Amino acid sequence: MFASVPILFTSYSGLYGGAERILLDVLAGCSEPAVLACPPGGLADRARARGVPVLTLPTRRIQARGAMRDRAAAPVRLAAHAREIRDLAGALGASTVVAWGMRSAIAAAAGLAGLRDRPRLVFEHVDLLPPGRAAHAVRLAARRADAVVCLSDAIAADLDPGGALADHLHVVRPGVVVPDDAPAPPPPGAPTALVLGAVVPWKRPDLALEAVAGARETVPELRAVVAGPPIGEDGAALLAALRRRGAAPDLAGHVELPGALDDPAAALAAATCLLHAADREPYGMVLAEALAAGRPVIAPAGGGAVEILDPACGRLYPPGDAAAAARALA
C-alpha cells in the first residue's frame, strides 16, 4: 500500500471542526506517507477528498456527560480504541503514531505500551483538560508520549503547569493561508457580527446574542449571523434557545442562524467583524482566519485569544461579561 513506512494518525471522533481542519493541514504537509484512522463523518469525507487514505473506526459516543451507565462505559470504549491503534500500527508497520486529541492519546499510550518495537508516539493536544480523573489520565499519556505538541501556550500551561514535560513538549501555533484577495473591505450596508463555530454550550453563543442586543442600543442597525452545526443533545437544545432569543423584540429581524457552512471564508467576507464568546478558547483557529480575511475580532480575554489579538486588530473583554462584550462590539 505504501512505498515506505507510514505515519498513522488517529482520531477518536469523526466530527469536523477547527481542530480537524488543522489535522488535515498537517496531513497535507507530511513528507512521509500517512494514513488516517477515524470514524465515519466530516473528517473522513474531507480527508478522502484530499487523497488521504482513511481507515474506518467505529463511531463511539463523544459526550462526557450522560447517564451513570454511559459514563461507566467510557473506559470500555477507550480500551477498544487502544486495541484498534495497537493493531493498526502493527499491521501498517507504522513508524509513528500521531494521537489527535486527548481520547486518542490515552488510548494510544495504553495500546502501544509494552510493544517490543513500539512506534514513536506524538500526542497532538488541541484542547483544555477536563476536570477530575480524566485530567490525570491525559497527563499520564503525555508523559508516555515521545513528543507532545500543543496549539497554544494556554493549552501547554494547562497540561503541564509545573514544567515536568519541558523536555518533549512543544507549542506549535497553526497558521492560515491568507487569501489572494484579502483583506477585502467590509461589505456596504448594515454592519454584521459573525459568530462562527459549533453550537455547543461552552462556545457561549447565547452570550454573543446578549452582546449583540446590548450593542444595538448604540448601533441599532447591527445584525448577527450565528453559523455552525449543533453538536449533540445539548447543542440541539441550545440552538432552539438561540432561535427563541433571536425572535425577542430587541433582536427580532436582526439574527440569522444558517447552520453549518460549506465555506466559512464567504461568511467572513460578508461580515464586518467576528464576535467570539467562549470564555476560554484553547486556541481559536477561527480568530486567525478572521484576521487573515481582514476582519477585526471581539473575543474574551482568556485562553488562546490573548496570544492572537492585540488592540491593532481586535478587542478583548472580560470572559462572561455580556455588557463589556457589547461595548467592545459597538
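Okay, let's start inside: the largest cavity here has a volume of about 100 Å³. A cavity, on a 1 Å grid over the protein atoms alone, is a set of points where a 1.4 Å probe fits but cannot get out. Volume means the space filled by probe spheres set on those points, with points joined across faces, edges and corners. The count of cavities of 30 Å³ or more comes to 1.

Before I go on, this is a predicted model, where local features need pLDDT of at least 70, side-chain atom pairs count only at pLDDT 80 or more, and totals for chains, interfaces and linings use all residues. Residues are numbered from 1 along each chain as its sequence is written, and side-chain values use heavy atoms, with hydrogens and water left out.

So what lines the largest cavity? There are 13 lining residues, and V195, L196, G197, A198 and K203 lie nearest its centre; lining residues have an atom within 4 Å of a point. When I say helix or strand, I mean DSSP runs numbered from the N terminus: H or I with at least four residues for helices, E with at least two for strands. By class, the lining has 10 nonpolar, 2 polar and 1 charged residues. Nonpolar is Ala, Val, Leu, Ile, Met, Phe, Trp, Tyr, Cys and Pro, charged is Asp, Glu, Lys and Arg, and the others, Gly among them, are polar.

Now for a pocket, which is an open set with protein on both sides within 12 Å along at least five of seven lines. The second largest pocket has a volume of about 340 Å³. Its lining has 17 residues, with V26, W100, V122, E124 and V149 nearest the centre. Which elements supply at least two residues each? They are β1 (7-11), α1 (18-29), β4 (96-100), β5 (120-125) and β6. By class, that lining comes out as 13 nonpolar, 2 polar and 2 charged residues.

On to two serines. S152 sits in the loop between β6 (147-150) and α7 (153-159). Is S152 buried or exposed? It counts as buried because its relative accessibility is 0%; buried means under 20% relative accessible area, exposed over 50%, partly exposed in between, with a 1.4 Å probe and protein chains only. The S152 side chain reaches the backbone nitrogen of I155 at 3.1 Å.

The other serine, S104, is in helix α5 (residues 102-112). S104 has 1% relative accessibility, so it counts as buried. Its side chain and that of H81 are joined by a polar contact of 2.9 Å. A polar contact is a pair of N or O atoms within 3.5 Å; within protein, one must be able to donate a hydrogen and the other to accept it, and residues adjacent in sequence count only if both atoms are side-chain atoms.

Next, helix α8 (residues 205-215), which is mostly covered, with 8 of its 11 residues buried. Those are P205, L207, A208, L209, A211, V212, A213 and A215.

Last stop, E20 in helix α1. E20 counts as buried because its relative accessibility is 14%. From E20 to A277, 257 residues apart along the chain, the C-alpha atoms are separated by 21 Å.
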